[in-house]
Amino acid sequence: MTERARAEVLVEPFRENDPGPHVVAAFDVLTDAGLSPDMGPFATEAEGDLAVTIEAVARLLHRSFEAGADAVQVRIERVGTAIDSSAE
């Protein structure tokens, strides 16, 4: 079994319906990691394997600041376990 996590990320400045390149960079990092991010009105959320999520958020921090973010708020929450089919 693998542990799962949910990440919630707020990249600032954030303008609703007009995400800047720093917000798009964060979204792209999560997508490239194999997660399915959901960009909401206050934050972007993604859920996946705990280790993958943590590594993606680390890359997200670098990319967002490189793309012009002023601040990034992150919350990672453990949400349970999933059966790892590769362990069978």
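**Briefing: strands, core and cavity in a predicted chain**

A hairpin joins β2 to β3 through 4 residues, where helices (H or I, at least four residues) and strands (E, at least two) are DSSP runs numbered from the N terminus. This is a predicted model, in which local features need pLDDT of at least 70 and side-chain atom pairs count only at pLDDT 80 or more, while totals for chains, interfaces and linings use all residues. Residues are numbered from 1 along each chain as its sequence is written, and side-chain values use heavy atoms, with hydrogens and water left out.

**Confidence**

- The mean pLDDT of the chain is 92, and 93% of its residues reach 70 or more; pLDDT is the predictor's confidence in each residue, from 0 to 100.

**Strand pairing and a cis bond**

- Strand β2 (residues 38-39) pairs with β3 in the antiparallel sense over 2 bridges, and two strands are said to pair if DSSP finds at least two bridges between them.
- Within β3, T44 is the bridge partner of M39.
- β1 also pairs with strand β3 (residues 44-49) in the antiparallel sense, over 6 bridges, and D49 in β3 is the bridge partner of R4.
- The peptide bond from E12 to P13 is cis, with omega near 0°, and P13 is found in the loop between β1 (2-12) and α1 (21-32).

**The largest nonpolar core**

- The largest nonpolar core has 13 residues, of which V9, V11, L30, L35, A56, L60 and V72 touch the most other members; such a core is a set of buried Ala, Val, Leu, Ile, Met, Phe, Trp, Tyr and Cys residues joined through side-chain atoms within 4.5 Å.
- At least two residues of this core come from each of β1, α1 and α2, and α1 supplies the largest share, with 4 residues.
- Not counting residues up to four places away in sequence, A56 touches V29, L30, A33 and L35, contact being defined as heavy atoms within 4.5 Å.
- In soluble globular proteins, nonpolar side chains tend to be buried together.

- T44, whose place is in strand β3, counts as buried because its relative accessible area is 9%; the classes are buried under 20%, exposed over 50% and partly exposed in between, with a 1.4 Å probe and protein chains only.
- Leaving aside neighbours within four places in sequence, T44 is in contact with A7, E8, V9, F27, L30, P37, D38 and M39.
- The count comes to 1 cavity of 30 Å³ or more, a cavity being a set of points on a 1 Å grid over the protein atoms alone where a 1.4 Å probe fits but cannot get out, with lining residues having an atom within 4 Å of a point.
- About 50 Å³ of space lies in the largest cavity, its volume being the space filled by probe spheres set on the points, which are joined across faces, edges and corners.
- The lining of the largest cavity is formed by V9, L10, V11, F14, V23, A26, A43 and T44; β1 and α1 are the elements that give two or more residues to this lining, and β1 gives the most, with 3 residues.

- A67 is found in the loop between α2 and β4 and is classed as partly exposed because its relative accessible area is 27%.
- Leaving aside neighbours within four places in sequence, A67 is in contact with P21, H22 and A25.
- A67 and G40 lie 27 residues apart in sequence and 20 Å apart in space, C-alpha to C-alpha.

Conventions: 1 Å grid on protein atoms, 1.4 Å probe; cavity = no way out; pocket = protein on both sides within 12 Å on 5 of 7 lines; lining within 4 Å.
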